[in-house]
Amino acid sequence: MSAPVWNGKDDVTTTAALIVAAGRGTRAGGSLPKQWRPLAGRRVIDHAVAAFVRSPRIGPICLVLHPDDLDYAAAFRQAGHIVALGGATRSASVRNGLDALTGLGVTRVLIHDAARPCISAGLIGSVTDALDHTPGAAPALAVTDALWTGAEGRVTGTRDRTGLYRAQTPQGFHFDAIRAAHAAHPEAAADDVAVARAAGLDVSIVPGEERNLKVTHPGDFARAERILGGSMDIRTGNGFDVHRFGPGDHVTLCGIAVPHDRGLQGHSDADVGMHAVTDAIYGALADGDIGQHFPPSDPQWKGAESHIFLSHAVALAGERGFTITHADCTLICEHPKIGPHAPAMRAEMARIMGLSPDRVSVKATTSEKLGFTGRGEGIAALATATLVAA
Ligand code: MG
């Protein structure tokens with residue numbers, strides 16, 4: 001690949017990611033090296049690559065692959081990434097990656113293990129920021145468990161944990177400095193921080209994240225799957241509804257009876273706001289709408305109170321493994337005035353959905369006397385609901 005292309009990120013071309021994926025580790029079980037194993041719908045390596053692709057702080061991305069894995073290289077190159085060949089040791093692989101990034105104007109590099117798929121945008125940012133002050137920066141977590149030595153299943157001693165850290169990646173460095181450090185340190189090293197320190201570089205500790213685990217054992221895959229699955233399946237749905245005015249002395253909106261000189265007509269209680277929210281939840285589940293779940297042709301729903309519909313949608317979300325985290329409803333009418341009733345509407349919808357009221361929004365607008373709502377022929381409502389896989 002030649003010079004990296006502008007991809008809408010800031011300061012793109014100066015901070016690179018180097019993702020080391022040349023290991024053969026199969027301790028996680030199976031015959032496939034762990035970086036190629038499936039995890040939460042894609043391969044382990046793809047999660048790490050995606051995190052750096054999404055980060056506005058990162059320009060070129062270089063992957064270091066084992067010579068036996070070059071079948072995978074074409075797709076990465078097609079996506080605009082650089083592919084380098086792994087060496088006999090991890091350090092040799094990193095050196096090859098640094099060589100491949102040379103000449104592209106890179107000033108900083110974040111070196112990351114492909115086996116840490118839960119890397120967050122926040123951690124990429126904090127390692128990058130720390131490089132403003134030191135030539136090296138890497139995330140780590142202070143050891144909080146007691147430390148023992150042991151042999152043959154028995155404790156043989158204890159160790160002071162003061163000042164001990166569990167190292168993570170990405171480990172970030174000024175590019176020329178780490179390149180020179182690796183050139184001066186041809187032998188194997190535990191990680192790039194060890195190489196940097198051997199060259200006398202200052203490396204600052206950035207707070208690591210528990211979620212940034214290295215997938216090594218079979219149980220780590222289950223944990224990573226929960227972290228990635230939980231953070232990735234976020235859905236929004238929208239809903240829209242209209243009911244026309246007819247004779248009456250009140251309208252029911254978002255579960256609250258609001259006095260008015262007309263009522264809303266409909267098969268049920270015609271609660272246009274609650275219907276829109278209910279349809280937004282069905283929409284997020286990609287499962288039809290109120291009319292499909294409660295057919296108007298079925299007489300048992302005549303005059304039904306709309307909390308039945310909303311409760312059904314909420315229960316369905318739960319059955320599918322989703323938690324509703326937020327709902328936002330806009331009522332569109334000239335009259336009645338919604339503002340004074342909005343707090344009660346939020347509280348009632350929050351109660352039905354099992355949410356705190358600060359996760360439910362009800363607001364209103366007029367349509368400037370335009371259209372059917374402007375002429376006072378009816379009320380329209382639109383809504384958005386956000387669902388997160390539990
Ligand atoms: Mg309706």
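These questions and answers cover a metal site, a helix and an arginine in a predicted model.

The model is predicted, so local features need pLDDT of at least 70 and side-chain atom pairs count only at pLDDT 80 or more, while totals for chains, interfaces and linings use all residues. Residues are numbered from 1 along each chain as its sequence is written, and side-chain values use heavy atoms, with hydrogens and water left out.

Student: Which residues coordinate the magnesium ion?
Tutor: Donors are N, O and S atoms within 2.8 Å of the metal (3.2 Å for Na, K and Ca); water is not among the atoms, so sites may look incomplete. The coordinating atoms lie at 2.1 to 2.3 Å and belong to Asp241 (OD), His243 (NE2) and His275 (ND1).

Student: How many residues apart in sequence are the parts that His243 and His275 tie together?
Tutor: Helices (H or I, at least four residues) and strands (E, at least two) are DSSP runs, numbered from the N terminus. His243 lies in strand E13 (residues 234–246) and His275 in helix H8 (residues 272–284), so the pair ties together parts separated by 32 residues.

Student: Is Arg108 buried or exposed?
Tutor: Buried means under 20% relative accessible area, exposed over 50%, partly exposed in between (1.4 Å probe, protein chains only). Arg108 is in strand E6. Its relative accessibility is 18%, so Arg108 counts as buried.
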